[in-house]
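Look at the model shown here, and keep the sequence beside it.

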Amino acid sequence: MTIGAELVARMRAILIILLALLMIASQAAPSTYANEAGALPIIGWFLLGVVLLIYIHPLGLLAWSGKIRQGIEDEGTAHNRAAAYCAGFWASLIFAIMLFGMPGLRDMGGREVARIVASATVATAAIRFAIAELRGLYG
């Protein structure tokens, strides 16, 4: 891996962790679907999720030049991506079961449950991917 590709990979991993933490923190904001004033936080949450998915997905590498893209996208990154998808799947399953089984949440709407499960899925996958990438860079 070249020095430029290593720097881009390191910065990408740090940015992914920060964005994932921001996504988790956004769950503390009240979600109001009933009025239009609550639409802005939902749109921000949605766009943040899309940005994180683009960073994890191989198509997110299209923004970089060919040499840097070849240096970043290697067999280890493909393995880290697969492990991140797996971690996201298990997070979604665990959160869905927890939300279904919690008696105090019976009145929670489907959109709110979907937001919580999607946030857990994307944030877990993103953090897993970024940590694995940083471990690959630093050994």
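In this predicted model, helices α1 and α5 meet through residues from both sides. From α1 come Glu-6, Ala-9, Arg-10, Arg-12, Ala-13, Ile-16, Ile-17, Ala-20, Leu-21, Met-23 and Ile-24. From α5 come Ser-119, Val-122, Ala-123, Ala-126, Ile-127, Phe-129, Ala-130, Ile-131, Glu-133, Leu-134, Leu-137 and Tyr-138. Sorted by class, the residues in this contact are 18 nonpolar, 1 polar and 4 charged.

How are the two helices placed against each other? Two packed helices are described by the angle between their axes and the distance between the axes. For α1, which covers residues 3-25, and α5, the angle is about 155° and the axes lie 9 Å apart. Angles over 145 degrees count as roughly antiparallel, so α1 is roughly antiparallel to α5. The crossing of α1 past α5 is left-handed.

Consider α1 by itself. Its 23 residues reach 33 Å from the first C-alpha to the last, close to the 33 Å expected at 1.5 Å a residue. The buried residues in α1 are Ala-5, Val-8, Ala-9, Arg-12, Ala-13, Ile-16, Leu-19, Ala-20 and Met-23. Among them, Ala-9 and Ile-16 are buried and also take part in the contact with α5.

Now step back to the chain. The protein chain has 5 helices and 0 strands, and its pattern along the sequence is α-α-α-α-α. Of its 139 residues, 33% are buried. Among contacts between residues at least 6 apart in sequence, 81% join residues at least 24 apart.

Another of the helices is α4, residues 75-101. Buried in α4 are Thr-77, Asn-80, Arg-81, Ala-83, Ala-84, Gly-88, Ala-91, Ser-92 and Leu-99.

The last stop is Val-117, which lies in helix α5, residues 110-138. Is Val-117 buried or exposed? A residue is called buried when its relative accessible area is under 20%; Val-117 has 15%, so Val-117 is buried. Leaving aside residues up to four places away in sequence, Val-117 touches Ser-92, Phe-95, Ala-96 and Leu-99. Two of these, Ser-92 and Leu-99, are among the buried residues of α4. The C-alpha atom of Val-117 is separated by 8.9 Å from that of Ile-94, a residue 23 residues away along the chain.

Definitions and conventions
Residues numbered from 1 in each chain as written. Predicted model: local features only at pLDDT ≥ 70, side-chain atom pairs only at ≥ 80, totals over all residues. Heavy atoms only, no water. Helix = DSSP H or I, 4+ residues; strand = E, 2+ residues; numbered from the N terminus. Buried < 20%, exposed > 50% of the residue type's maximum accessible area, 1.4 Å probe, protein only. Contact = heavy atoms within 4.5 Å. Axes fitted to C-alpha atoms, helices over the stretch in contact; angles between N-to-C directions. Parallel < 35°, antiparallel > 145°, perpendicular 65-115°, else oblique. Left-handed = near helix turned anticlockwise from the far one by under 90°. Nonpolar A, V, L, I, M, F, W, Y, C, P; charged D, E, K, R; others polar. Expected span 1.5 Å × (residues − 1).
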